[in-house]
Amino acid sequence: MTNIQSIIDDFEFIDDWEDRYKYVIDLGKQLPALNDGEKTDEYKVQGCVSQVWLIADVDHSNPDLPILNFRGDSDAHIVRGLVAIMLIAFSGLSAKEIGARDENQLFEKLGLVEHLTPQRANGLRSMVARIKQHAANA
């Protein structure tokens, strides 16, 4: 799997937003699907127009520095790609790092928010809020 900096670099290289959307969809296709038993209300992200599920796996091997890894899925192609980007951006970080990460700066680097519908942008923010809530709970 790729890292967030390589996605940012790829976005800078791809000028056309149509091609960027295709890239986002391709990232979503690489995302391992959740099984049907994981697509429950417990994991559903509220505030997304499409259905989005997000699961946090917390590694407590160092109790002072829990590390979170996320899995997720969506029923919409572009949104599934956005889920993939968020999982790449936040998985493998400590709860403290997740809390400190400035998602607006990340969105700006990717140019995402201004090229998404308001509903998708709100859904993206809801996803990040859920990720940060998991980090706060860890």
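How many bridges join S1 to strand S2 (residues 67-74)?

1. There are 8 such bridges, and the two strands run antiparallel. Strands pair here if DSSP finds at least two bridges between them. Strands (E, at least two residues) and helices (H or I, at least four) are DSSP runs, numbered from the N terminus. Within this pair, Ile55 stands opposite Arg71 in S2.

2. On the basis of the model: this is a predicted model, in which local features need pLDDT of at least 70 and side-chain atom pairs count only at pLDDT 80 or more, while totals for chains, interfaces and linings use all residues. Residues are numbered from 1 along each chain as its sequence is written, and side-chain values use heavy atoms, with hydrogens and water left out.

3. The sheet is open and has 3 strands in the order S1-S2-S3, paired antiparallel. Its edge strands, S1 (52-59) and S3 (93-94), each pair on one side only. Helix H3 (residues 77-90) packs on the sheet and touches S1, S2 and S3. The direction of H3 makes about 175° with that of S2. Helix H6 (residues 118-137) lies across S1 and S2, at about 25° to S1. Contact means heavy atoms within 4.5 Å; axes are lines fitted to C-alpha atoms, for helices over the stretch in contact, and angles run from 0 to 180 degrees between N-to-C directions.

4. The largest nonpolar core has 42 residues, of which Ile7, Met86 and Leu112 touch the most other members. Two or more core residues come from each of helix H1 (4-13), helix H2 (17-30), S1, S2, H3, helix H4 (95-100), helix H5 (103-110) and H6. H3 gives the most, with 11 residues. Such a core is a set of buried Ala, Val, Leu, Ile, Met, Phe, Trp, Tyr and Cys residues joined through side-chain atoms within 4.5 Å.

5. Leaving aside neighbours within four places in sequence, Met86 is in contact with Leu106, Phe107, Leu124, Met127, Val128 and Ile131.

6. Asp15 has its place in the loop between H1 and H2. Asp15 is exposed, at 68% relative accessible area (exposed is over 50%, buried under 20%, partly exposed in between; 1.4 Å probe, protein chains only). Asp15 and Val52 are 37 residues apart in sequence and 28 Å apart in space, C-alpha to C-alpha.

7. The largest pocket has a volume of about 150 Å³. Residues lining the largest pocket include Ile4, Gln5, Ile8, Arg101 and Lys109. H1 and H5 are the elements that give two or more residues to this lining. A pocket is an open set of points on a 1 Å grid over the protein atoms alone, where a 1.4 Å probe fits, with protein on both sides within 12 Å along at least five of seven lines; lining residues have an atom within 4 Å of a point. Grid points are joined across faces, edges and corners, and the volume is the space filled by probe spheres set on the points.
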